[in-house]
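Please read it alongside the sequence and the structure shown here.

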Amino acid sequence: MSLRQMEYFVTVVEESSFTRAAEKLHVTQPALSHQIKALERTVGGELLERLPRGVLLTPMGRAFLPHAERSVRSAVQARRAARAAAGAEGGELHIATVHSVAVGILPEVFAHWRRAHPGVRLVLHEYAATDVLEDQVERGVADLALGPVPERWSGPLVPVGEEEIVLVVPSDDPLAGRPSVGLHELADRPWVRCAMEPVIDGRPFLDGVCGAAGFEPRTAVWTEHTSTAIRMAAAGVGISTAPSHTVRGALGEDCAVLSVDPPWLRALAVFSRVPLTGAAAVFTELITALPDTGVRPLRPFRPFRPGDPSPERAYADCAGPPAVVR
């Protein structure tokens, strides 16, 4: 079994076609088919079901795919890391994150990077949910991730700061002049909900916190993206929640932002499957050094070590309760 065979297999799955995969790989279709059959002989069974208009994974193929993806992407990461460590000009740095961080924090970070390191191209991978982000980083899709602190992570993890989750209302709302509001005061208000809302202990975040405050949130609109929810709230459809840096960085809407009392905070970190070296290490240093990204400075936070029950438990051990939102 060779790395090339696994790369061929992954490409066929991604393209759902031997013809398109061969074109992408710049090989002939018979050569591609030969390598896939050789791989199947090695693993002891068929990985792909050949159909007239494409391919499907067999049960054996579904089991084999994530390991093949990880191997192929690890090889790509190894080449990038070697070039960075050697001081090579050029190359790419792949960064994964959730949508709200991409919109609210990374534009300024990327602008600083481009001025300081114009020879290293940045590739951004955005995901709607934190569990998808963590799964894709584990599969090796990026050199590093910036996002909410994972509940469990065995690789390197560097704390960055805390984002505050705030409430967004129209500028003429009766609450607009206040710096904060108790959640119980909003029991009769409609809400604009977002599919990107975190899920904690099996429940959407807002359902959990409103339930603890003694009421069930009345949903006016469900949206797919945080930026859409903010615009809806600014127009008066209902109250929405969003990271404060998203409202600050992404919109010029005529809206007001309020903190919840007590505030909702979520810890952010850079994390990776492999040690942060070369360009990845420099990028991590840049994120932690920039003062105006909209992220709160860290409370005391001892470095997370593999074997700890969770990064947030390490946070709690030295700094009091962890962030409410994961």
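The axes of helix H1 (residues 3–15) and helix H2 (residues 18–25) come within 8 Å and cross at roughly 125 degrees. The coordinates are those of a predicted model. Two further helix pairs, H1 with H3 and H6 with H11, are treated below, together with the largest nonpolar core.

**Helix H1 against helix H2**

- The crossing of H1 past H2 is right-handed.
- On the H1 side, the contact is made by Glu 7, Tyr 8, Thr 11, Val 12, Glu 14 and Glu 15.
- H2 contributes Phe 18, Arg 20, Ala 21, Lys 24 and Leu 25 to this contact.
- By class, the residues of the contact of H1 with H2 comprise five nonpolar, one polar and five charged.

**Helix H1 against helix H3**

- The axes of H1 and helix H3 (residues 29–43) come within 9 Å, with a crossing angle of roughly 110 degrees.
- Because angles of 65 to 115 degrees count as roughly perpendicular, H1 is roughly perpendicular to H3.
- From H1, Gln 5, Tyr 8, Phe 9 and Val 12 meet Leu 32, Gln 35, Ile 36, Ala 38 and Leu 39 of H3.
- Seven nonpolar and two polar residues form the contact of H1 with H3, which has no charged residues.
- Tyr 8 and Val 12 of H1 take part in the contact with H2 and also in that with H3.

**The largest nonpolar core**

- This core has 36 residues, of which Leu 93, Val 109, Trp 113, Leu 133, Leu 146 and Phe 283 touch the most other members.
- Among the strands, E3 (92–98), E4 (121–127), E5 (144–148), E6 (157–170) and E14 (264–271) each supply at least two residues of the core.
- Helices H6 (106–116), H7 (130–138) and H11 (278–289) likewise each supply at least two.

**Helix H6 against helix H11**

- The axes of H6 and H11 come within 10 Å and cross at roughly 125 degrees, which makes H6 oblique to H11.
- H6 passes H11 in a right-handed crossing.
- Leu 106, Val 109, Phe 110, His 112 and Trp 113 of H6 form the contact with Ala 279, Val 282, Phe 283, Leu 286 and Ile 287 of H11.
- The contact of H6 with H11 includes nine nonpolar residues, one polar and no charged.
- Val 109, Trp 113 and Phe 283 belong to this helix contact and are also among the core residues that touch the most other members.

Key:
Residues numbered from 1 in each chain as written. Predicted model: local features only at pLDDT ≥ 70, side-chain atom pairs only at ≥ 80, totals over all residues. Heavy atoms only, no water. Axes fitted to C-alpha atoms, helices over the stretch in contact; angles between N-to-C directions. Helix = DSSP H or I, 4+ residues; strand = E, 2+ residues; numbered from the N terminus. Left-handed = near helix turned anticlockwise from the far one by under 90°. Contact = heavy atoms within 4.5 Å. Nonpolar A, V, L, I, M, F, W, Y, C, P; charged D, E, K, R; others polar. Core = buried A, V, L, I, M, F, W, Y, C linked by side-chain atoms within 4.5 Å. Buried < 20%, exposed > 50% of the residue type's maximum accessible area, 1.4 Å probe, protein only. Parallel < 35°, antiparallel > 145°, perpendicular 65-115°, else oblique.
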